[in-house]
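I opened my notebook to look up a few things in this model. Come along and check each entry against the picture.

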Amino acid sequence: MSPQITPIADTAQDLELAERILSPEGERISNPLLDSFVDDVDAAQLRALHRDMVILRRIDAEGVALQRQGQLGLWAPCQGQEATQIGTARALASQDYVFPSYRETGVIYARGAKPGDFVRMWRGEEGAGHDSAALRVSPLQIIIGAQTLHAVGYALGIRHEGADEVAVTYFGDGATSQGDVNEAMIFASSYQAPVVFVCQNNHWAISEPVSVQSKYPIAGRAPGFGIPSLRVDGNDVLACMAAMRWALAHARSGSGPAYIEAVTYRMGPHTTADDPTRYRREDELEAWRRRDPIARLEAHLLSIGELSDEQIADTQKAADVAARDMRAECLSMVTRPPLAVFDGVYAEPHTGLDRQRDEYATYLASFDGEV
Ligand SMILES: Cc1ncc(C[n+]2csc(CCOP(=O)(O)OP(=O)(O)O)c2C)c(N)n1
Ligand SMILES: [Mg+2]
């Protein structure tokens, strides 16, 4: 018997088929599926989401500037993806544990990252960049999709211990072509792991458009794994928060994994090492500028009379302070001596490691003060 397939959309790009609560013009529209999940979100909370997104965009711009000035080796901008990251991350409970990719600056911001945490890894100072245990966020993953397996493994541990936690993993549209992600979904479904998959479909995997690797909407794949999914407008912060609350409640209730595809757009380059003008058209970018997530919420708040000039100025000031603090932390970082790389590898002395340290020390000494 052949399976019945209900297409979600004719093309992977058709944004009209994504759930939303705020129209691109900032008008609140009724959404029977999602409304109940954000009933309690009042104007003050909407302003806080707006503030988060403005600060995040400023932090992101400062990251690009620091890289251009030679202070960072690389930066992966998240401009355009603020609503997806802030909306979903602000729905998390403090005990939940996040497994992100390299682009999740907004997620670590929402989890309480300190100013230096945003840049430490990109400056090459230390591996993790932030205190994973304190933030309950694993190190930013560079290997595409690998973090989804880690999240499912962690979620199996949550289930085993009966803990009131959910594991959450963020990954891109390109990552969905990766074996790791598909294996993670199989395991999550087979063992009903309390994990939420958040796919940020930002339309590009470096220079590869999503249309090449996904002939069918990405959210539509999850049911095939036995995982319920939602396709949400990733530039609508309220819809992202609602979708995440749905997914978290589902996972927390013991019903197994849930999946969100947030349809958004990467406004900047893939990283500061990339030049998107070589592969994407200006009119595409222009169309997405008109769907800017911050402008959308701002238009909404202004239309309901809940955002004053004074509040906007205050938010801008907070954003400048965040960028200033991040820059100051970045410039004052003290690079650890090369041999410190051997510290903290094992709890007990280790002869093999001691030998490697000695060899490396001899190698460094061979430069005779040149390094
Ligand atoms: C296993 C693996 N293969 C290839 C790469 C090189 N690579 C880095 S980013 C990237 C594209 C990822 O695209 P997507 O998953 O859409 O995430 P985005 O960068 O758009 O956030 C690739 C192929 C990698 N880091 N890891
Ligand atoms: Mg992508």
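I began with Val196 and listed what it touches, leaving out residues up to four places away in sequence: Val166, Ala167, Val168, Thr169, Met244, Ala247, Leu248, Ala251 and Ala258. Contact here means heavy atoms within 4.5 Å. The model is predicted, so I noted its limits: local features need pLDDT of at least 70, side-chain atom pairs count only at pLDDT 80 or more, and totals for chains, interfaces and linings use all residues. Residues are numbered from 1 along each chain as its sequence is written, chains are lettered from A and ligands numbered from 1 in the order in which they are written, and side-chain values use heavy atoms, with hydrogens and water left out.

**Cores.** Next I looked up the largest nonpolar core, which has 68 residues; Val168, Val196 and Met244 touch the most other members. Such a core is a set of buried Ala, Val, Leu, Ile, Met, Phe, Trp, Tyr and Cys residues joined through side-chain atoms within 4.5 Å. Buried means under 20% relative accessible area, exposed over 50%, and partly exposed in between (1.4 Å probe, protein chains only). Helix α8 (residues 237-252) gives the largest share of this core, 12 residues. Helices (H or I, at least four residues) and strands (E, at least two) are DSSP runs, numbered from the N terminus. I also found a second, separate core of 23 residues, with Ala184, Met185, Val210 and Phe225 among them.

Is Thr88 buried or exposed? Its relative accessibility is 1%, so Thr88 counts as buried. I found Thr88 in helix α2 (residues 82-89). Beyond four places in sequence, Thr88 touches Ala83, Tyr170, Val198, Cys240 and Met244. Gln147 sits in helix α5 (residues 146-161), and it counts as buried because its relative accessibility is 2%. Setting aside residues up to four places away in sequence, Gln147 touches Phe99, Pro100, Ser101, Gln141, Thr169, Tyr170 and Phe171.

**An exposed glycine.** I placed Gly224 in the loop between α7 (210-213) and β6 (229-233). At 71% relative accessibility, Gly224 counts as exposed. From Gly224 to Ile186 I noted 38 residues in sequence and 9.7 Å in space, C-alpha to C-alpha.

**Phi angles.** Most residues other than glycine have a negative phi. Arg136 is not a glycine, yet its phi is positive, near 55°. Arg136 lies in the loop between α4 (132-135) and α5, and it is partly exposed, at 21% relative accessible area. Gln192, also not a glycine, has a positive phi of about 50°. I found Gln192 in the loop between α6 (179-190) and β3 (195-201), partly exposed with a relative accessible area of 32%.

**Helix α1.** How far should the 26 residues of helix α1 (residues 43-68) span at 1.5 Å a residue? I got 38 Å, which agrees with the 38 Å between its end C-alpha atoms. The expected span is 1.5 Å times one less than the number of residues. After α1 comes Gly70, with a positive phi near 85°.

**Domains.** The domain assignment, which is automatic or from a database, gives domain 1 (11-335) and domain 2 (338-371). Their C-alpha centres lie 39 Å apart.
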